[in-house]
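Dear colleague,

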Amino acid sequence: MDRIRIQPPGTACGDLTPFLPPQALEIHVQLICGRLAAELNMLLDGYPEMHGMDASEIYSHIGMLPRVLREDVRFAAGGIVSHEYFFRYLSQSGGQNIPDSRSAAALRRSFGSSDSFFYIFREEAQRMKYGGFLWLCLEQHARHRFLRLIPARGYELPLPLTPVFALDLWEHAYISTYGSDRRAYADAFLRQLDWAGIGEKFGDAGGDKT
């Protein structure tokens, strides 16, 4: 059986300016994501039961592996998944700048308004003093769905919530372009997003479940 071949997230990205200059993007994808992918492939060499799984499935099936491997596999697989959500909705056309009508409606139900969400997101990003990711997730309560911001240390995934996107707040992601100004970095990220695509993801999140 062939080995698992996990590819570094972001390899399909082209120009993500103004959010990330080409050099910063290349370092992020090749050095950080490439290293995580290489480590995960190496760790899983010889475990054919993982064949065909993506990084998210591997993360969820850590229990299939020997205990001695689990922490390292969880770190590498969690890193791959986290970066996949970081790159998922980044637009090569400069972004949509503001949420479309569907996204705005979902943000309004959960945060009061799009502007309020942008403010809270920027402040949460600035408040995090450790390497990790800031996640926007869907949470189900009875027949209602809500959006929540979840700060997570390292490469921990916000399970069992449903992720929408994540902002990389490891220092390597922003320091060369934004210095210590994580608010500006978070704002540039939000304005680079494909909000129409995000709107299709959570539709009328916060409303009654259909």
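Which residues are buried in helix 1? They are Ala 24, Leu 25, His 28, Val 29, Ile 32, Cys 33, Gly 34, Leu 36, Ala 37, Leu 40, Asn 41 and Leu 43, where buried means under 20% relative accessible area, exposed means over 50% and partly exposed lies in between, with a 1.4 Å probe and protein chains only. Helices (H or I, at least four residues) and strands (E, at least two) are DSSP runs numbered from the N terminus.

Before going further, please note that this is a predicted model, in which local features need pLDDT of at least 70 and side-chain atom pairs count only at pLDDT 80 or more, while totals for chains, interfaces and linings use all residues. Residues are numbered from 1 along each chain as its sequence is written, and side-chain values use heavy atoms, with hydrogens and water left out.

To return to helix 1, its buried residues pack against helix 2 (55-60), helix 3 (67-87), strand 3 (162-168) and helix 6 (171-178); contact here means heavy atoms within 4.5 Å. The helix covers residues 22-43, and at 1.5 Å a residue its 22 residues should span 32 Å, which agrees with the 30 Å between its end C-alpha atoms; the expected span is 1.5 Å times one less than the number of residues. Helix 1 also bends by about 35° at Gly 34, the bend being the angle between axes fitted to the seven residues ending at a residue and the seven starting there.

One of the residues in helix 3 is His 83, which counts as buried because its relative accessible area is 0%. Leaving aside neighbours within four places in sequence, His 83 is in contact with Pro 9, His 28, Ile 32, Cys 33, Leu 36, Phe 133, Tyr 155, Asp 168 and His 172.

The next item is a helix pair. The axes of helix 5 (residues 114-127) and helix 7 (residues 182-192) come within 8 Å and cross at roughly 135°, where axes are lines fitted to C-alpha atoms, for helices over the stretch in contact, and angles run from 0 to 180 degrees between N-to-C directions. The two helices are therefore oblique to each other, since angles under 35 degrees count as roughly parallel, over 145 as roughly antiparallel, 65 to 115 as roughly perpendicular and the rest as oblique. In this pair, Phe 117, Phe 118, Phe 121, Arg 122, Glu 123, Ala 125 and Gln 126 in helix 5 meet Arg 182, Arg 183, Ala 186, Asp 187, Phe 189, Leu 190 and Arg 191 in helix 7.

The buried residues of helix 5 are Ser 114, Phe 117, Phe 118, Phe 121, Glu 123, Ala 125 and Gln 126.

A cis peptide bond with omega of about 10° joins Thr 17 and Pro 18, and Pro 18 lies in the segment before helix 1. The bond from Leu 159 to Pro 160 is cis, with omega near 10°, and Pro 160 lies in the loop between strand 2 (144-153) and strand 3.

With kind regards
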